[in-house]
Amino acid sequence: MHNELSYTKSPPPRIVFHCHLAAETGGETPIVDCRKLYREIPAEILAKFEERGVRYVKNMHGQERGIGKSWMDYFETSDRDQVEAYLKDNDIEFEWTADGNLRTWSIRPGTLAHPVTGEMLWFNQADLWHITNVNERNRAQLLQRFGEENLPTHAYYGDGSPITDEDLSGVRKTLWETAVIFPWQQGDVLALHNFSVAHGRMPYAGPRKILVAMG
């Protein structure tokens, strides 16, 4: 579960889901109160995220084939100047590699004060970006093929130190212990304050279409 686009400079405050077609089985959108998460994440883990923030690292391939979108597809342009202008405007560090790939990294908060109430919120998606979000077999294959530095996505603490498996296990355990999970019904609408509530997606079988708008 994560706060949508929390790795960006200006995440959207609101996100709305509409159930156009519910899955035959599964496919729920679990949600969790980020105020409650802030209170219940183990204190020693919370302190690290609060003090250091999160460094989000992304590697996008160029002309050569790779995993995920190329940087041209991701930014919808092949003009490096346009890409660099966007990255600079959004406080994202970057480098072009010798083989034409693009590596980006940005440091964002791990927690956030609610813009109206001032309540402290858990606010990041480190567990989603971190390599431990991939199952053990595929994780080993990715590390063997790319090495940690060139993984498609990965997360560190803001100072560049590693986020340990133990820290993320504590985060994920608290996430799922505090989650609310409900079955979708066709026509349902779910409106969330993206800073206050994180969301995810459960596995599913059969056709499923959940439409999403942000703003």
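**Reading the model, feature by feature**

Author: H154 is buried, with a relative accessible area of 5%. Keep in mind that this model is predicted.

Reader: Which cut-off makes a residue such as H154 buried?

Author: Buried means under 20% relative accessible area, and exposed means over 50%. H154, at 5%, therefore counts as buried.

Reader: Where does H154 lie, and which residues does it touch?

Author: H154 is part of strand β9. Leaving out residues up to four places away in sequence, H154 touches R55, Y56, V57, W129, H130, I131 and E148. Look at I131. It is 23 residues from H154 in sequence, yet their C-alpha atoms are 5.7 Å apart in space. The side chain of H154 also reaches the backbone nitrogen of I131, at 3.2 Å.

Reader: What about the other histidine, H61? Is it buried or exposed?

Author: H61 has 14% relative accessibility, so it counts as buried. H61 sits in the loop between β4 and α3.

Reader: Which backbone oxygen lies 2.9 Å from a polar atom of the H61 side chain?

Author: That of G68. Beyond four places in sequence, H61 is in contact with G66, I67, G68, K69, S70, W71 and N101.

Reader: Next, the core. Which residues touch the most other members of the largest nonpolar core?

Author: I41, F49, W122, I163 and V171 do, in a core of 25 residues. Several elements each supply at least two of the core's residues: α1, α2, β4, β8, α5, β9 and α7.

Reader: Take one member, V171. Which residues is it in contact with?

Author: Setting aside neighbours within four places in sequence, V171 is in contact with I41, I45, F49 and W122.

Reader: How do I describe two packed helices?

Author: Use the angle between their axes and the distance between the axes. Here, take α2 and α7. Their axes come within 10 Å and cross at roughly 105 degrees.

Reader: What does that angle say about how α2 and α7 are placed?

Author: An angle of 65 to 115 degrees counts as roughly perpendicular. So α2 and α7 are roughly perpendicular to each other.

Reader: Which residues meet where α2 and α7 touch?

Author: From α2 come I45, K48 and F49. From α7 come E166, D167, G170 and V171. By class, that contact has three nonpolar, one polar and three charged residues.

Reader: Let me stay with α7. Is T178 buried or exposed?

Author: T178 lies in helix α7. Its relative accessible area is 8%, so T178 is buried.

Reader: Now the outside. What does an exposed residue look like here, say E24?

Author: E24 has 63% relative accessibility, so it counts as exposed. E24 lies in the loop between β1 and β2. It still has contacts: beyond four places in sequence, E24 touches A205, G206 and P207. E24 and R208 are 184 residues apart in sequence but 7.9 Å apart in space, C-alpha to C-alpha.

Reader: And Q185, where does it lie?

Author: Q185 is in the loop between α7 and β10. It is exposed, with a relative accessible area of 54%. Q185 and G147 are 38 residues apart in sequence and 43 Å apart in space, C-alpha to C-alpha.

Reader: Where are E76 and D91?

Author: E76 lies in the loop between α3 and α4. At 74% relative accessibility, E76 counts as exposed. D91 lies in the loop between α4 and β5. At 45%, D91 counts as partly exposed.

Methods:
Residues numbered from 1 in each chain as written. Predicted model: local features only at pLDDT ≥ 70, side-chain atom pairs only at ≥ 80, totals over all residues. Heavy atoms only, no water. Core = buried A, V, L, I, M, F, W, Y, C linked by side-chain atoms within 4.5 Å. Buried < 20%, exposed > 50% of the residue type's maximum accessible area, 1.4 Å probe, protein only. Helix = DSSP H or I, 4+ residues; strand = E, 2+ residues; numbered from the N terminus. Contact = heavy atoms within 4.5 Å. Axes fitted to C-alpha atoms, helices over the stretch in contact; angles between N-to-C directions. Parallel < 35°, antiparallel > 145°, perpendicular 65-115°, else oblique. Nonpolar A, V, L, I, M, F, W, Y, C, P; charged D, E, K, R; others polar. Polar contact = N/O pair within 3.5 Å; in protein donor to acceptor, adjacent residues only side chain to side chain.
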